[in-house]
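Trainee: Please take me through this model a few residues at a time. I would like the cut-offs stated as the terms come up.

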Amino acid sequence: MRQDVHPGLVALLPAPEGQLHLRLANDIAAVAAALPALQSFIAHHMLPARIANRLEVVFEELATNPIRHGFRPGSDQGLHVTVAMAGRRVCLDVEDDGCRFDA
């Protein structure tokens, strides 16, 4: 089941218990719109403030970069973000369908 967190920008996708799976649109505003869902995950897992802050910063950097540099303006490209706990570790996976980086 798919649930729009912020219609047109962020969708909450099905995920196993204890995980967060989001689809972000090709819009820089989607990054900010996804933060409340990430913060809810952080609160649910009672992550320390230092870890929570770093997770938010890393998420913002990983999500912003492909939107700014890898997506064609106006395309339906997007990001899939998964956040999960693995024991005492937090795993953040960001996949994009943007253009491949060519140095």
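Trainee: Which strand holds Arg23?

Mentor: Helices (H or I, at least four residues) and strands (E, at least two) are DSSP runs, numbered from the N terminus. Within residues 20–25 lies Arg23, and that run is strand 3.

Trainee: What should I know about the numbering and the model?

Mentor: Residues are numbered from 1 along each chain as its sequence is written, and side-chain values use heavy atoms, leaving out hydrogens and water. The model is predicted: local features need pLDDT of at least 70, and totals for chains, interfaces and linings use all residues, whereas side-chain atom pairs count only at pLDDT 80 or more.

Trainee: How far from Arg23 is the nearest side chain of opposite charge?

Mentor: Lys and Arg count as positive, Asp and Glu as negative, with His and the chain ends not counted. A salt bridge is a side-chain nitrogen of Lys or Arg within 4 Å of a carboxyl oxygen of Asp or Glu. Arg23 is buried (under 20% relative accessible area; exposed is over 50%, partly exposed in between, with a 1.4 Å probe and protein chains only). It has no salt bridge, and the nearest side chain of opposite charge, Asp97, is away by 4.1 Å.

Trainee: Which residues make up the patch of negative charge?

Mentor: A patch takes residues with over 30% relative accessible area and no salt bridge, joining like charges within 9 Å and nonpolar side chains (Val, Leu, Ile, Met, Phe, Trp, Tyr) within 5 Å. The place of a charge is NZ of Lys, CZ of Arg, CG of Asp or CD of Glu. On the surface, the negative patch gathers Asp76, Asp93, Glu95, Asp96 and Asp97.

Trainee: Is Glu95 buried or partly exposed?

Mentor: Glu95 sits in strand 5, residues 89–96. Since its relative accessibility is 49%, Glu95 counts as partly exposed.

**Loops**

Trainee: What is the phi of Met46?

Mentor: Met46 is in the loop between helix 1 (29–44) and helix 2 (49–69). Its relative accessible area is 70%, so Met46 is exposed. Although Met46 is not a glycine, its phi is positive, at about 50 degrees.

Trainee: How far apart are the C-alpha atoms of Gly87 and Val5?

Mentor: Gly87 lies in the loop between strand 4 (78–86) and strand 5. It counts as exposed because its relative accessibility is 69%. Gly87 and Val5 are 82 residues apart along the chain, and their C-alpha atoms are separated by 27 Å.

Definitions and conventions:
Areas by Shrake-Rupley, 256 points an atom, 1.4 Å probe, with all protein chains shown as cover.
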